[in-house]
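Open the structure in your viewer and keep the selection tool at hand. The stops below go from the overall fold down to individual side-chain contacts.

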Amino acid sequence: PLGSRSGLAVALASGFGVLAFGWPFFVAPGPLGGSLVPPLMFGALLLIVLAVVLAQLADGGMDSKAVAMLGVLAAAGAALRPLGAGTAGIETVFFLLIVAGRVFGPGFGFALGCVTIFTSALVTGGVGPWMPYQMFASAWVGMGAGMLPRVPPRWERVLLAGYGAVAGYAYGLAVNLSFWPFSVDPSSSIAYRPGAALLTNLHRYVIFDATTSLGWDTGRAITDVVALLVLGPVLLAAFRRAARRAAFDAPVGFSDAPDGGEPAR
């Protein structure tokens, strides 16, 4: 669970992300808006991920073993992502983020989403102005999985599959904001209109997303549902077994040895 420090760090990070995604609905872009926002987001996001990890360490929700697990799962996600990215919207990494966030908590899921996308972008050469948006959106996917309510074991797979479907559509809806204000013909009825009312631009964006991205988002949602229904129970059991063996939450104590030797840990 999130402690006070890590909860504050994740809340501030999410607030910054909302501003970074939602500015077109409130502020008209300047002449350099499209080129300045992504690098600023990327720099801030790296600091945010570091703050979240440090806050988790300070709260006792993450230790050296959990950081090692974060690295292993990020590498696994980076290896999985090229298997489906760019093919009919199929994304093969989100089910891993969802299961890991569910088992290890929202702070871990937030950091894992960011690090996984960053690592996969370096591996595949997918670095670009869209990457900070993808990192934020993936972080929210992992974080949201960690905040899902507890349910009986027989319903957990269904809960995660439903969440995976929603996350598949929400991810596309968010990431499309990285280019919508700059890439559509201004004369189009679905283009961003600088200075227009909030509801006007929101209506235009919803139509833009439905006409250009809905098919890809559906492929992502179906992939999430199938992977979570088929592989979810196996991964849940494996991750929970790893968490128990690593004893992430076990308190460390010291006591005097009964024979007067070195203190036992």
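**Whole chain.** Colour by secondary structure: the chain has ten helices and zero strands. Read from the N terminus, the order of elements is α-α-α-α-α-α-α-α-α-α. This is a predicted model. Now colour by accessibility. Of the chain's 265 residues, 45% count as buried.

**Stop 1: helix α4.** Select residues 94-104, which make up helix α4. How many of the residues of α4 are buried? Eleven of eleven are, and the helix is mostly covered. The buried residues can be picked out by name. F94, F95, L96 and L97 are among them. So are I98, V99, A100 and G101, among others. The list also includes R102, V103 and F104. Step just past the end of α4 to G105. Its phi is positive, at about 105 degrees.

**Stop 2: the salt bridges.** A search of the whole structure turns up three salt bridges. Start with E156 and R102. Their side chains meet in a salt bridge, 2.8 Å from N to O. This pair links distant parts of the chain: E156 sits in helix α7 (residues 153-175) and R102 in helix α4, 54 residues apart. Both E156 and R102 are buried.

Stay on E156 and select R240. The side chains of R240 and E156 also meet in a salt bridge, 2.7 Å from N to O. This pair, too, links distant parts of the chain. R240 belongs to helix α10 (residues 214-246), E156 to helix α7, and they are 84 residues apart. Check the accessibility of each partner. Why does E156 count as buried? Its relative accessibility is 7%, and the cut-off for buried is under 20%. R240 has a relative accessible area of 30%, so R240 is partly exposed.

The remaining stop on this list is D217 with R220. The closest N and O atoms of this salt bridge are 2.9 Å apart. Both residues lie in helix α10, three residues apart, about one turn of the helix. An α-helix has 3.6 residues a turn, so residues three or four places apart point the same way. D217 is buried, as is R220. Now show R102, E156 and R240 together. Salt bridges with shared partners join these three into one network.

**Stop 3: the aromatic pairs.** Switch to rings. The whole structure holds 16 aromatic pairs. One of them is F21 with F136, an edge-to-face pair with 6.4 Å between centres and 75 degrees between planes. F21 is buried, with a relative accessible area of 5%. F136 counts as buried at 0% relative accessibility.

Next, select F94 and Y171. This aromatic pair is edge-to-face as well, at 4.7 Å centre to centre and 65 degrees between the planes. F94 is in helix α4 and Y171 in helix α7, 77 residues apart, and the pair links distant parts of the chain. F94 is buried, and Y171 is buried too.

Which residues form one aromatic cluster? Select F25, F179, W180, Y192, Y205 and F208 to see it.

**Stop 4: the annotated spans.** Finish with the database record. In an unreviewed entry, UniProt lists residues 6-28, 40-58, 160-180 and 221-239 as "transmembrane region". Select residues 160-180. The chain there is 81% helix and 0% strand, and the end C-alpha atoms are 30 Å apart. Move on to residues 221-239. That span is 100% helix and 0% strand, with 23 Å between its end C-alpha atoms.

How values were computed: Residues numbered from 1 in each chain as written. Predicted model: local features only at pLDDT ≥ 70, side-chain atom pairs only at ≥ 80, totals over all residues. Heavy atoms only, no water. Salt bridge = Lys/Arg side-chain N within 4 Å of Asp/Glu carboxyl O. Helix = DSSP H or I, 4+ residues; strand = E, 2+ residues; numbered from the N terminus. Buried < 20%, exposed > 50% of the residue type's maximum accessible area, 1.4 Å probe, protein only. Phe/Tyr/Trp six-rings, centres within 6.5 Å; stacked < 30°, edge-to-face > 60°. UniProt positions renumbered as here; feature names shortened; annotations may be inferred.
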